[in-house]
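User: I've got a model open and want a quick tour. Can you walk me through it?
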Amino acid sequence: MASRLVVVASLLVLCCLAGICYGKGHFSSLKKTLDVTASPKKGQVLKAGIDKITVTWGLNKTLPAGTDSAYQTVKVKLCYAPISQKDRAWRKTEDDLSRDKTCQHKIVAKPYDASNKTVNHFEWVIERDVPTATYFVRAYAFDSNDAEVAYGQTTDAKKTTTLFEIQAISGRHASLDICSICFSVFSVMSLFVFFYIEKRKGKVSK
Amino acid sequence: MEVEVPAVAEGSNETQKWSVAVDSENKATEFRLMSIAKPHMRAFHLSWISFFSCFVSSFAAPPLLPIIRDNLNLTATDIGNAGVASVSGAVFARVAMGTACDLVGPRLASASLILLTAPAVYCTSLINSATSYLLVRFFTGFSLATFVSTQFWMSSMFSAPVVGRANGFSGGWGNLGGGATQLIMPLVFSLVRDIGAAQFTAWRIAFFVPAFFQMLTAFSILIFGQDTPDGNFQRLKKSGQKPKDEFSKVLFHGVTNYRGWILALTYGYCFGVELTIDNIIAEYFYDRFNLKLHTAGIIAASFGLANLFSRPGGGFISDAVSKRFGMRGRLWALWLCQTFAGVLCIILGLVGSLSVSVVVMIIFSVFVQAACGMTFGIVPFVSRRSLGVISGMTGGGGNVGAVVTQLIFFKGSKFSKERGITLMGVMIIICTLPICLIYFPQWGGMFFGPSSKKVTEEDYYLGEWNSKEQEKGSHHASLKFADNSVSERGRKHNTSTRPNDEPTPTYV
């Protein structure tokens, strides 16, 4: 019974894998057609919640017209550089875009107008929940079925150039720190107070 | 030199009206779950709630890890190390707690530990690096030693026929905290975040909840609890009813009892396995079946929540089996239950479908937690003088099992998680075999009956006191216990005229 279950389960898994291999939504099947730039220079350190990033994106001028006819929306995202993915499986890069965890922070999503030839740009204040890490910026172009069809990024294919760092907020506050310490001291002191009271009760009852 | 005092409780002025039936040591012979009457049932509720709060604090970080790991820039190695640290502190703390209970009583020992570890939970709000994360988890984990004081307290308040279920309920409902925290902490976190705090601040504020709760339980123990049915250790020692015992002797008799070591090993492969699963199961379901972290967390919680009935169930079964078959029945029940848990663990690692996996996990949780309950149906009988040390050794052994198992099978990428789980199941089966070696001369073991030399319970328990100590009268508590433990002979041998399970107290 258990072996039959295992066989059925493995067949299911194989079918799913086969489906994935031939299905859509793979990074390797996307064309790099967008030119994306971001304001941070290489190695610059930005502060979350305070500093801004200005991103610009547009179709690569060298490509023939009509390449972008299917593009409906562009989503620009903040993505982890390989050094920030090391030993962190929750940021892993996968070819299957539905399982890919490289780009977890959305900067902006804008509709794409193929007829408008001007370069799009957006100024983004880095949100306070962005963690400390090394990043680059990538833009995905989506068609009307909300499937990725093309992309562009600020770094090279190996993700080594033009990377920048973001320093997260610590989340700590002076008031929190003071509360923690006060309660901790209270906890320990109350123990000694109890001991003292017990000792006094013991002496009185004698 | 204390004068030997007769059985009259000199310190307690009011006539003792017990709300439950008691034996000659004033230990309760019945277990009334819904009562909070002092001292027996009140002690039960105080102990399980405080132990529950320690579990909530010790495992408060795992459900919030997706936020914490980004705030502190943790790697998978940092997280794994902190997970090992969280259960390793309690290894020695549990043994120390056992000795402390023998010497100063469970009330002071547990309240002290809880109040001294509460700062570690409060200070979790201050951390800002992988090292500080590891340190707070390490020190918070010390509070898991309250398990030992809980079991010691129950063994002091409840008599042989019901001690299994008292230990099972208090241990099980305490362990529940490990499951409850997977639901509580994310809830508190989202509440605080929705009020307006940034994510990286909200989780810090959330930690005040388990810390404060932990502190309150310690106060309750100090105000409402008492060590034994007759009163607190300190007062009993002063009035001479509880002779002061020597630390070195207590430790010696505990450490030289081989049964304590065997139970420490086997407990490492039921409770230790439970702790390991608490630390890895959410990630396992998340990675293998591509679930949302939220869903994986709920499945993880259900493993811990089974403790509500499975561990007490183990205690119940141990008591029920002992009525008919005595201690031999308890040993067989434990071996069968834990071995079957090992088999289920092997299957869990091999199963590839989500729904079958969840079902197997739940059945596995029931058996592994029942085995924990059954272990503490046996521990109270291993030693009377060094009950605390034996409880501490067994409890500590549980944590050693968790540390060893996580280091061998779940650190780094040597084994996939599913292979690690299967191999853990094999190890459970192997490490449960030593139960066959446990032998009580007065009751027997798994394969042998009681000794032909007609060793009695008195001989066994008084063997822990030398003649000088017996002259002083220090052994009277052990004598009473020996009398009351005759029920462990089982039905067949209990045809003597010795009064056992007497409902009315023979109180002089």
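Analyst: One definition to start: the domain bounds come from an automatic or database domain assignment. This is a predicted model. With those bounds, the C-alpha centres of domain 2 of chain B and domain 3 of chain B lie 31 Å apart.

User: Where do the domains of chain B run?
Analyst: Domain 1 covers 40-230, domain 2 covers 254-455 and domain 3 covers 457-489.

User: How many residues make the contact between domain 2 and domain 3 of chain B?
Analyst: Domain 2 of chain B gives 18 residues and domain 3 of chain B gives 14 residues. About 1,400 Å² is buried between them, with 50% from carbon and sulfur atoms.

User: Switching to chain A. What's the strand order in the open sheet?
Analyst: β2-β4-β7, 3 strands with antiparallel pairing. The edge strands are β2 (34-38) and β7 (120-125). The twist averages 20 degrees from one strand to the next.

User: What joins β2(A) to β4(A)?
Analyst: 5 bridges, with β4 spanning residues 52-59. In one bridge, Asp35(A) has Gly58(A) as its partner.

User: Where in chain A does pLDDT stay under 50?
Analyst: Over residues 15-23. Chain A averages 86, and 87% of its residues score at least 70.

Methods: Residues are numbered from 1 along each chain as its sequence is written. Chains are lettered from A and ligands numbered from 1 in the order in which they are written. This is a predicted model: local features need pLDDT of at least 70, side-chain atom pairs count only at pLDDT 80 or more; totals for chains, interfaces and linings use all residues. Side-chain values use heavy atoms; hydrogens and water are left out. Two strands pair if DSSP finds at least two bridges between them. Helices (H or I, at least four residues) and strands (E, at least two) are DSSP runs, numbered from the N terminus. Axes are lines fitted to C-alpha atoms, for helices over the stretch in contact, and angles run from 0 to 180 degrees between N-to-C directions. pLDDT is the predictor's confidence in each residue, from 0 to 100. Contact means heavy atoms within 4.5 Å. Buried area is the accessible area (1.4 Å probe) that two parts lose on being put together, summed over both.
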